[in-house]
Amino acid sequence: MDLLIYSLKRIGVSIMTLFLVAAITFFLMNAIPGSPFMTERSTPEQIEQANIKYGLDKPVPVQFVNYVKNLLHGDMGVSLKMQEGTDVTTILFGQGKFGRSIRLGVMALLVAVVVGIPLGTLAAYYRGKWIDNILRVLTTLGVAMPSFVIATLMLFGFGVHLGWFPVQSGNLETPITYVMPVICLAFYPSCYIAKLTRTSMLDSISQDYIRTARAKGVKTKVILFKHALRNSLIPVITYLGPLTAGIITGSLVVEQIFNVPGVGNYFVSSILNRDYPVIMGTTILLGCLIIIMNLVVDIAYKIVDPRINITKKGN
């Protein structure tokens, strides 16, 4: 019952949060001077006609109210420039674009978790030894290195020089086309999760219950992987919430570099083209994913550590 009440409260807060995100994005987007229809060849008359056609001649608050009304009926509007007249829903979800970003993101997330947690645990187990030192250098380098640098190095090394993988992944139709985009997406979170796991593991190892287990003669490996690791996963789970939403919607840079026609690619293009409905659609989609994943994370707290009383949390 406590879990149900908590979930209902969080859903209400989530709806309000999503509304605020949509409102802030809408008003900031319209505060930028200029028009999405302004080009070198466009005349003031043509711009005015286009504004009237798409309802941009009305005051911004009226435009926002109309947008929210249409959104509640499942209408996210139509594209103004990128694919003029095409529904935003079709642009985001048609031709497998969102599904493509989902597959790419889920694979990268799995790689990040499968690689990051064991590496962090290994570094904590061999604390102060050469394995720990090497892993700390590698993970620090991975956190500091931007994704476009990793993508460029992989493209040149494994794509152009060695020819192991295709330079442009395209629609990700074959398993080999996933390799480089997934590695680039997973590299930073893998290193960050490893550092987070190591720090949390070292903190857990210093707790009283670990000393008690050692005094009882429990083996070190059992203490680390059965007792300390479980409590160490809570900070990792916290990070996985927004990470999952961000990865699933697609890395903007990675999708563009590897020419993957996913949601992230369209988000960048919509901003460059000032395509207001597409900007709003991608922002709301990302906001929904982040809110949903944060709710899942909070529920996961209770599963990982039943001692946590989620109904008394501040958020």
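**Exercises on a helix pair and a cavity**

Helix α7 (residues 147–161) and helix α8 (residues 179–205) pack at about 145°, their axes 10 Å apart. Helices are DSSP runs of H or I, at least four residues, numbered from the N terminus. Axes are lines fitted to C-alpha atoms over the stretch in contact, and angles run from 0 to 180 degrees between N-to-C directions. This is a predicted model: local features need pLDDT of at least 70, side-chain atom pairs pLDDT 80 or more, while totals for chains, interfaces and linings use all residues. Residues are numbered from 1 along each chain, and side-chain values use heavy atoms, without hydrogens and water.

**Exercise 1.** Find which residues make the contact of α7 with α8.

Step 1. Contact means heavy atoms within 4.5 Å. From α7 come Ile150, Ala151, Met154, Leu155, Phe158 and Gly159. From α8 come Met180, Ile183, Cys184 and Phe187.

Step 2. Sort them by class. Nine are nonpolar, one is polar and none is charged. Here Ala, Val, Leu, Ile, Met, Phe, Trp, Tyr, Cys and Pro count as nonpolar, Asp, Glu, Lys and Arg as charged, and the others, Gly among them, as polar.

**Exercise 2.** Find what lines the largest cavity.

Step 1. A cavity is a set of points on a 1 Å grid over the protein atoms alone where a 1.4 Å probe fits but cannot get out; lining residues have an atom within 4 Å of a point.

Step 2. List the lining: Leu119, Gly120, Ala123, Leu135, Arg136, Thr139, Ala194, Lys195 and Arg198.

Step 3. α5 (97–125), α6 (130–144) and α8 each give two or more of these residues.

Step 4. The classes are four nonpolar, two polar and three charged.

Note on methods:
On a 1 Å grid over the protein atoms alone, a cavity is a set of points where a 1.4 Å probe fits but cannot get out, and a pocket is an open set with protein on both sides within 12 Å along at least five of seven lines; lining residues have an atom within 4 Å of a point.
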